[in-house]
2 protein chains.
Amino acid sequence: MNPSRFLLTGLALGAAVALNAKIVTKPVAYEHAGVKLEGFLAYDDAKVSADKQAPGVLVVPEWWGLNDYAKGRAEQLAKLGYVAFAADMYGAGVVTSDAKKAGELAKPFYGTPLMAERAQAGLDQLLATGLVDAPRVAAIGYCFGGATVQALAYSGAPLAGIVSFHGSLIAPSAEAVAKTKAKILICHGAVDPFEKPEDIAACKKALDDGKLDYQFISYAGAVHAFTNPGADELAKANGLGGAIAYNAAADKRSWNHMKAFFSEIFAKKK
Amino acid sequence: MNPSRFLLTGLALGAAVALNAKIVTKPVAYEHAGVKLEGFLAYDDAKVSADKQAPGVLVVPEWWGLNDYAKGRAEQLAKLGYVAFAADMYGAGVVTSDAKKAGELAKPFYGTPLMAERAQAGLDQLLATGLVDAPRVAAIGYCFGGATVQALAYSGAPLAGIVSFHGSLIAPSAEAVAKTKAKILICHGAVDPFEKPEDIAACKKALDDGKLDYQFISYAGAVHAFTNPGADELAKANGLGGAIAYNAAADKRSWNHMKAFFSEIFAKKK
C-alpha cells in the first residue's frame with residue numbers, strides 16, 4: 001500500500017467513525033441530604049471511554065428544574081466531545097413551567113450552603129462516571145443554575161471554570177474568594193431587568209477586589225433567559241413578557257464564548 | 001490520474017502555497033485636511049488579490065501614533081487572511097513614547113468630527129487597494145484608537161463592525177445612533193483606572209437606549225493598554241505604573257473574541 005492510499009484510507013475511516021458517533025444519554029439516580037434525585041448523563045461513546053477520558057461539564061438547569069432544555073444542553077456538550085451531566089437540584093422528576101412554583105422550588109437554595117452542596121452532589125456523579133479527566137471539569141448554569149455554579153465555585157469545588165448564562169449574580173465574600181479555584185465567565189443580558197446595576201457593580205467589585213480570574217460579557221438587547229428558545233412561551237404563560245425572552249444572537253455568541261473559554265481552561269499543560 | 005491521487009496533489013499544492021505565503025507590507029502615503037499621512041498596508045498575497053478579495057480591517061493606533069505595535073497588529077491580521085491597513089492619525093512619521101506629547105497629539109481629536117474624519121481617510125485608503133470585499137470591512141483600535149473606531153462607527157461609516165480594545169468609551173448621541181451601521185465589540189480592562197464607572201454606565205445606557213448591537217466584555221485584572229506587550233516599559237518611562245500594563249491573558253482572550261466577532265460579521269450571506 002503506498003502512503004497516499006494509506007492516508008486516504010485513514011481519512012475515510014475517520015469519516016466513518018464520525019458518522020457512526022452515537023450520543024449516549026441516560027438517567028442517573030442519586031441522593032443528597034435525603035432527597036432522591038435523578039440527573040442526566042450524556043457523552044459520545046465514539047470519543048469517550050474509561051480509557052479515553054474527556055473533560056467534563058456539569059449543567060445546572062434554570063429554576064424550572066431538570067427539563068428538556070437543560071438535557072438538550074448536555075447533549076450539545078456531548079456532541080462537542082465532553083462528558084456532560086445535567087444535575088437535578090429539586091428531586092427526581094420535579095419540573096415545572098409555572099413561575100410561582102419555580103420560585104418556591106428555588107427559594108430554599110438562595111443564600112444558603114444548600115445551593116453549592118446540592119450542585120456538588122451532581123458534580124460527584126459526573127466524576128463517578130470514570131469518564132472524566134478530573135483536572136478538566138467545568139460547570140455551566142442557566143438563570144438559577146448560573147447562580148448555582150457561582151456558588152459552587154465559591155465553595156471551593158475543584159473546577160477549572162464556570163460559565164453563568166443569565167444567572168443571578170453572587171458577589172463572593174472574602175472567604176469565598178480565598179477558596180475559589182475556578183476561572184469565571186459571566187454571560188449577561190445587557191438589559192436583564194432582574195439584575196440591578198448596583199448588584200452588578202457589587203458583584204464586579206467583589207471579583208476585582210478578590211482578584212479572581214473572570215470575564216464578564218454583556219450582550220446587547222438580551223434579557224433574562226436569553227439562551228432558552230422556549231423562553232418566549234414561558235414568558236407568555238407566566239405574564240413575564242419583556243423580562244424573559246429568547247435572543248438568538250446572544251445565545252449563539254455566548255455559546256461560542258463558552259467554547260473559547262473551554263478551549264482555554266481545558267488545554268493540557270505542555 | 002485517479003481521483004485519490006488528484007486529491008493528494010491538491011493537498012500537497014495547498015501545503016506548498018501555505019508555506020510560500022508571504023505577508024506583503026508597504027507604506028501608503030495619503031493626505032487628509034492638508035496633513036501628509038503615511039499608513040501601513042499588510043496582506044497575504046497568496047490569499048488575497050484584486051480577483052480574490054478578502055475582508056478588510058482598519059487598525060487605529062494608540063495615542064503614541066503609528067508605531068511598530070500597531071503595524072504588528074496589521075501583520076497579525078494579514079496572517080489571518082484579512083487585508084489590514086494601519087491608519088496614520090497624526091502625520092507621516094509622527095510617533096512618540098512620551099505620554100505628555102501623546103496627550104497633546106491626541107487632544108485635537110477628542111470630541112470633534114476630526115476623529116472620525118481622519119479615520120475615514122484611512123478607511124478610504126483601505127478600500128482603494130481594490131483588495132477588499134467592501135461589505136466585509138471592520139475597524140479595530142487601541143486606547144485612543146478604540147475611541148476613534150467608536151467615533152467612526154457613530155459617524156455612519158460603512159463598517160460591518162468595530163472592536164475597541166481598552167478604548168476611551170464614547171456614549172453615542174441619538175443622532176449618532178441613528179447613523180450607526182456597525183456591530184460593536186468593546187474589550188475593556190475591568191480595572192482600567194481611566195474609565196470611571198459612571199462613564200461606563202453612561203456609554204452602556206446610550207447603547208441600550210439606542211438599541212445598537214454591541215457586546216461589552218470586561219477582563220479581570222486588566223488596566224489600560226492591556227494588549228500591548230510594550231505597555232510596562234511605557235508605563236515605567238512615563239510614571240504610569242499601575243495605570244497601563246500588559247495582561248497576557250486578557251490580550252489573548254480579547255484577540256480570540258475579536259476573531260469570533262469577525263467570523264460572525266464577515267460570514268457571507270447564504
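Biologist: What makes E8(A) and strand E8 (residues 214-219) of chain B a pair of strands?

Modeller: Five bridges join the two, which run antiparallel. Pairing takes at least two bridges found by DSSP, so these strands pair. For one, Ser218(A) has Phe216(B) as its bridge partner.

Biologist: And what kind of model is this?

Modeller: It is a predicted model, with residues numbered from 1 along each chain as its sequence is written, and chains lettered from A and ligands numbered from 1 in the order in which they are written. Local features need pLDDT of at least 70, side-chain atom pairs count only at pLDDT 80 or more, totals for chains, interfaces and linings use all residues, and side-chain values use heavy atoms, leaving out hydrogens and water.

Biologist: Which elements of chain A give two or more residues to the side touching chain B?

Modeller: Helices H1 (3-20), H7 (197-209) and H9 (248-265), plus strand E8 (214-219). Those are DSSP runs numbered from the N terminus: helices are H or I, at least four residues, and strands are E, at least two. E8(A) gives the most, six residues.

Biologist: How many residues are in contact?

Modeller: With contact meaning heavy atoms within 4.5 Å, 20 residues of chain A meet 20 of chain B.
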